[in-house]
Amino acid sequence: MAAVESLPPGTPSAMRNAFGTVLSALILVLIGVLAFSIRLFSVIKYESVIHEFDPYFNYRVTQFLSKNGIYEFWNWFDDRTWYPLGRVIGGTVYPGLTLTAGTIWWVLNAINIPLSVETVCVFTAPVFSAFASWATYLLTKEVKGSGAGLAAAALLAMVPSYISRSVAGSYDNEAVAIFALIFTFYLYIKTLNTGSLFYATLNAIAYFYMVCSWGGYTFIINLIPMHVLLCIVTGRYSPRLYIAYAPLVVLGTLLAALVPVVGFNAVLTSEHFASFLVFIIIHVVALVYYIKGILTPKMFKVAVTLVVSIGLVVCLIVVAVLVALVASSPTGGWSGRSLSLLDPTYASKYIPIIASVSEHQPPTWPSYFMDINVLAFLVPAGIIACFSPLSDASSFVVLYIVMSVYFSGVMVRLMLVLAPAACIMSGIALSQAFDVFTGSIKYQLSSKSKDDAEDNTSTKNAPKDDASSGKADKGEEVAKERLSKKGKKKEREPAEKPSVKSKIVKKKALVLPLEASIVALLLLIMLGAFYVIHCVWAAAEAYSAPSIVLTSQSHDGLHVFDDFRESYAWLSHNTDVDDKVASWWDYGYQTTAMANRTVIVDNNTWNNTHIATVGTAMSSPEKAAWEIFNSLDVKYVLVVFGGVIGYPSDDINKFLWMVRIGGGEFPHIKEADYLRDGQYRIDSEATPTMLNCLMYKLCYYRFVETDGKGYDRVRRTEIGKKHFKLTHFEEVFTSHHWMVRIYKLKPQKNRIRGRVKKLKQKTTSGVSSKSVKKNPWM
Amino acid sequence: MPARNWIFAVAVALFLSLSTFSSAQDLQIVNAERRIDLSSHIVKAFLTLKVENIGKDPAADMLLAFPPTQIKNLAMVQALAVTGKKKKKTYLPLDVKPSEQPDAPNDAGYFLVSFATPLGPGEAVTLEVLYILTHSLEPFPVEITQSESQLVYYRDSAVVLSPYRIKQQTTFFKTPSTRVESFTSVEPANRAGKEIKYGAYEDRVPYSYAPVIVHFENNSPFAVVEELVREIEISHWGSLQITENYRLTHGGARHKGVFSRVEYQSRRSISGSSSFNALLAVLPPRVNSVYYRDNIGNISTSHLRTGFKKSELEFEPRYPLFGGWKATFIIGYRVPLEDYLFEAPDGRRYLNFTFGCPLVETIVNKLTLKVVLPEGSKDPSAVLPFAVNQDLQVKYSYLDIVGRTVVVLQKDNVVPTHNVPFQVYYTFKPIYMLAEPLMLVSAFFFVFVTSLAYVHIDLNIVKK
């Protein structure tokens with residue numbers, strides 16, 4: 001990783017620079033290839049297909065986009081979901097990912113490379129993870145030089161946390177958002193280092209792309225103000241800071257408001273308020289510095305007292321207005337997901353629908369080890385390295401890691417934001433460690449040769465020093481312009497070439513024994529190797545299994561459970577195109593995308609009442625459920641049942657959430673009715689409410705006939721109620737391994753009977769009633 | 001009647017109608033034996049005719065007549081002339097083409113069989129005629145439940161419809177099982193096991209007709225491909241890529257009510273006897289890179305057996321098909337180019353490939369076969385043993401600039417007997433093969449030259 005830096009000095013520096021550039025370019029290309037190819041396990045082991053639940057929606061949107069064009073896309077009202085409400089897709093979706101993939105598809109087709117939309121979608125995430133690792137290189141290079149940059153890029157290319165969201169086929173917002181996040185940070189740091197308005201504009205555009213891509217953009221718009229504030233408080237204010245921040249807020253907010261899903265939220269919700277507050281503060285500070293420059297110290301003191309007194313009043317008013325605004329909105333101006341960030345227990349207390357998603361749960365300790373592995377140990381070293389010396393850029397990454405560690409502790413999903421920070425820190429740590437160890441080895445070796453030729457030492461060392469100082473001079477020459485712009489604040493060493501001059505001064509202190517350095521180097525390499533092995537394992541085994549196809553290895557070979565697609569294909573070919581299918585919301589996106597049928601609820605959980613209605617129906621007895629479903633115009637009910645093959649994430653295991661969410665809106669559903677002594681069970685001890693609810697019946701209908709006992713392999717127990725009949729539903733399809741069962745609502749019988757009675761009454765007066773009885777419809 | 005024929009001013013039509021007019025008078029069928037095989041949903045009828053010329057002029061051809069209900073379901077008619085006796089029989093394929101007869105009673109349809117040599121007065125010839133009917137078994141009851149077996153009607157005539165006098169004839173119907181619900185009795189008619197025999201009937205006048213209905217059990221897979229699009233892409237770099245898009249349906253009695261998986265799994269032979277879930281496709285030998293998927297991904301239930309003469313792909317749709325259920329899927333494979341692409345003596349190249357549908361025992365309602373010729377090919381022409389609709393299209397594939405010529409062949413009502421070789425001739429200069437690699441090379445070259453130029457050009461306005 002540190003190859004560029006550890007090149008032996010002596011060769012002509014121009015040649016060396018060129019060689020270093022080519023070498024790092026080559027390494028970067030290889031890192032890109034690595035990032036792309038480590039994510040292909042899912043395609044190689046399974047197939048090139050969209051994997052999870054959410055990506056199916058993105059895929060469907062992309063299909064729509066590529067078929068109908070961008071204007072149709074903005075105006076798309078989707079009537080195949082959230083029946084009968086529908087959903088305005090164009091205005092409620094983060095369009096970054098879809099637009100990106102749609103553009104890639106369009107460009108490829110324009111040059112006659114006929115890739116399908118699906119292929120483009122499958123490979124978007126791996127391609128963007130290569131981009132993300134290059135962005136990491138750029139960011140870390142701005143912070144600590146290209147050696148650290150390369151190390152960080154290589155680490156990010158294979159960090160398991162990021163792999164989990166960007167394997168081929170997981171076509172999710174995060175796939176492009178992480179790239180956008182890192183790239184925005186890079187441009188911010190770049191602007192901070194150069195003070196160039198050009199980069200500031202680019203930064204705003206990158207921020208716009210991030211806003212387009214993912215709701216996580218609020219992390220940026222809170223982190224950067226925090227850093228600006230930190231800089232101001234620690235007396236690091238400079239015009240560069242102003243250039244880096246003010247245009248971002250102005251342009252960024254304007255651009256963000258262009259995205260339909262954000263719109264006026266960009267100025268109205270409290271997630272964005274921090275940036276405006278800091279925007280005001282930075283202007284005040286800028287003014288203060290300006291006035292300080294033109295006034296004499298005495299006059300300045302007078303001005304300060306004047307301004308502070310007026311300023312305090314203004315601030316108080318502003319704060320009061322803000323507080324009033326925040327307090328007037330129902331959730332205090334914070335959306336549920338953001339609130340659960342600040343108060344980890346908020347969601348589970350108030351919003352079961354957020355708590356029911358496993359990725360919204362706080363992570364456990366093993367998941368840190370699983371997702372960032374050895375990086376967790378390298379991060380502290382990286383933080384220390386960032387403090388020697390502390391610059392604007394390194395203080396930013398320190399702040400970044402601190403904040404992301406906090407947020408990742410709240411929600412598993414945000415581990416993804418932590419991963420780049422951890423990679424950057426570890427890259428810095430590794431690079432610095434390699435620097436120190438190789439430096440001391442070099443020193444020890446040269447001091448050994450000094451023993452051999454004592455008299456030569458001075459002459460030998462002198463040219464070396466000259467060469468290195470020459471090199472350092474050159475480096476400074478290159479960065480001269482930059483330094484001059486940086487002003488007098490602090491002599492920041494050019495990042496690419498850690499100044500040898502200062503090193504020589506410190507060298508005596510930092511030098512380590514030869515053996516210790518070699519051992520430490522070996523240990524570091526082992527650590528890296530361990531990381532690589534873990535990453536490859538995680539990519540191959542843990543994160544590449546698609547959720548729509550399950551496999552199991554048994555003694556007679558590989559078993560494939562392709563039940564989901566079996567039943568979706570059945571639905572799409574053998575039901576009417578306008579039929580409505582009710583299922584728990586987890587399967588909504590897939591049903592609309594794969595079966596092309598209208599669903600009642602889906603994974604975009606925007607209407608809690610609607611979801612609660614379905615939850616209530618599932619937890620009601622058959623008759624009541626039939627009435628609910630019939631009122632929603634539902635024709636088919638789909639349940640997922642794992643009891644035959646032991647698939648644990650089935651609807652019976654999710655059922656308590658349905659009860660809770662349903663009960664939240666419709667109080668006649670009580671969680672306690674479904675629990676026996678606080679325990680959730682489906683065996684003979686289960687409560688009658690449980691055994692008579694629709695979900696139980698639909699899952700276990702005729703289940704007992706499979707083995708004669710009705711043994712559920714997930715719950716590891718015999719079911720409570722074995723023989724029963726369905727009166728309002730009929731089984732129309734069950735997949736091969738029983739994982740998906742589809743029932744049809746029986747037609748309304750009562751009304752027909754009523755009609756019969758009427759007919760009878762009418763006809764009794766007339767012709768003989770006998771024929772009418774026989775055939776009432778004639 | 002000759003006066004009406006004069007209205008057909010075209011000389012060929014004139015000749016044909018005149019000759020048929022004469023032969024209708026002069027030919028008679030001495031003996032006709034018809035065997036109709038009803039064991040699958042493709043009805044195959046083997047008709048043996050002994051034709052005699054009793055007129056004074058030699059007859060060049062004869063007519064086969066079909067009732068209007070059959071003519072629209074008629075997938076193919078073939079005729080062979082039999083020469084020689086018992087052991088040393090030789091068969092000579094005869095030319096058969098559809099023919100219009102202005103005086104056809106009740107819209108009967110005709111096929112004209114041309115003899116190899118005109119039949120002289122007093123001469124007789126034996127013909128073997130095979131005709132295939134599709135969609136001729138009508139399920140009754142129309143809807144059945146999972147456990148019922150499928151009963152169908154077959155409607156035909158007990159006597160052969162013919163514009164000629166038939167001296168003696170018999171007809172046999174072969175049913176798939178011994179379960180026959182009913183059959184119309186036209187004396188003499190009797191049933192033995194799987195066979196129903198009508199006849200022998202003596203001396204029937206032209207256009208005799210005796211409608212019969214056979215109601216019997218038929219649980220053979222009614223696999224009907226509603227639409228099949230086969231695309232054959234020729235790459236002169238060494239392979240043919242074939243992609244087949246199927247829209248399959250179960251053409252039998254519609255499924256009614258519940259589908260119970262537990263019954264289907266535990267009592268497959270009773271419950272679900274009318275359904276099918278295994279299909280067999282006969283692919284060319286040396287086939288490779290076979291895939292089987294649908295538009296939501298790979299389908300994992302398939303086996304491939306490769307052999308020297310043919311390869312067999314055994315596969316299952318995602319779910320068993322009951323009556324009226326549909327499924328779509330795609331089969332793709334690749335075969336080596338040298339097996340199918342040849343150079344004609346005149347320097348043109350030609351593709352020699354099999355027409356029809358690789359699935360066995362399947363009816364294809366609409367078959368579209370697209371042959372994608374390499375970019376730069378010219379003068380395409382297709383040669384087929386039967387009539388199809390032909391069309392030309394242009395397709396843009398990887399890095400194409402002018403596009404590839406696509407020969408589109410389209411035919412309705414295709415049965416397995418249509419799986420015969422056809423040829424597509426075209427001219428192609430091998431230099432075109434290099435166009436795309438050269439394009440890529442020059443693109444990379446351009447990129448490097450630009451980056452070289454960028455590095456060396458100072459774009460700054462102010463010199464430092």
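These legends walk through several close-up views of a predicted model. Residues are numbered from 1 along each chain as its sequence is written, chains are lettered from A and ligands numbered from 1 in the order in which they are written. In this predicted model, local features need pLDDT of at least 70 and side-chain atom pairs count only at pLDDT 80 or more, while totals for chains, interfaces and linings use all residues; side-chain values use heavy atoms, with hydrogens and water left out.

**View 1. Helices H11 and H14 of chain A pack together.** Helices (H or I, at least four residues) and strands (E, at least two) are DSSP runs, numbered from the N terminus. Here H11 (residues 217-233) and H14 (residues 273-294) of chain A meet at about 25°, and their axes are 9 Å apart. Axes are lines fitted to C-alpha atoms, for helices over the stretch in contact, and angles run from 0 to 180 degrees between N-to-C directions. The angle makes H11(A) roughly parallel to H14(A); angles under 35 degrees count as roughly parallel, over 145 as roughly antiparallel, 65 to 115 as roughly perpendicular and the rest as oblique. Their crossing is left-handed, a term for a near helix turned anticlockwise from the far one by less than a right angle, with clockwise giving right-handed. To find the contact (heavy atoms within 4.5 Å), look on H11(A) for residues including A:Ile221, A:Pro225 and A:Leu229, and on H14(A) for residues including A:Val278, A:Ile281 and A:Val285. The contact residues divide into ten nonpolar, two polar and no charged. In this count Ala, Val, Leu, Ile, Met, Phe, Trp, Tyr, Cys and Pro are nonpolar, Asp, Glu, Lys and Arg are charged, and the others, Gly among them, are polar.

**View 2. Helices H9 and H10 of chain A cross at roughly 160°.** The axes of H9 (residues 173-194) and H10 (residues 197-213) of chain A come within 8 Å. H9(A) and H10(A) are therefore roughly antiparallel to each other. This crossing is left-handed, and the contact residues comprise 15 nonpolar, six polar and one charged.

**View 3. Helices H1 and H6 of chain A make a right-handed crossing.** H1 (residues 13-37) and H6 (residues 117-144) of chain A cross at roughly 145°, and their axes come within 8 Å. Among the contact residues you will find A:Leu28, A:Gly32 and A:Phe36 on H1(A), and A:Phe123, A:Ala130 and A:Trp134 on H6(A). Eleven of the contact residues are nonpolar, four are polar and none is charged. While you are in this part of the chain, look at the loop between helix H5 (96-110) and H6 of chain A, where A:Asn112 sits. A:Asn112 has a positive phi of about 60° although it is not a glycine.

**View 4. A five-stranded open sheet in chain A has mixed pairing.** The strand order is E6-E5-E7-E13-E12. Strands E6 (598-599) and E12 (729-734) of chain A are the edge strands, each pairing on one side only. Two strands pair if DSSP finds at least two bridges between them. E7 (residues 636-640) and E13 (residues 740-745) of chain A pair antiparallel over five bridges, and A:Leu638 stands opposite A:Ile742 in E13(A).

**View 5. A four-stranded open sheet in chain B is antiparallel.** Follow the strands in the order E26-E27-E32-E29. E26 (341-343) and E29 (378-383) of chain B stand at the edges with a single partner strand each, so one side of each has no neighbour in the sheet. On average, neighbouring strands are turned by 25° against each other, direction ignored. E29(B) joins E32 (residues 421-427) of chain B through four bridges, with the two running antiparallel; B:Lys378 stands opposite B:Thr427 in E32(B).

View 6. A:Pro389 lies in the loop between helix H20 (375-386) and helix H21 (392-410) of chain A.

**View 7. An unreviewed UniProt entry lists a transmembrane region at residues 438-457 of chain B.** UniProt positions are given in the numbering used here, feature names are shortened, and annotations may be inferred rather than shown by experiment. In the model this span is 95% helix and 0% strand, and its end C-alpha atoms lie 28 Å apart.
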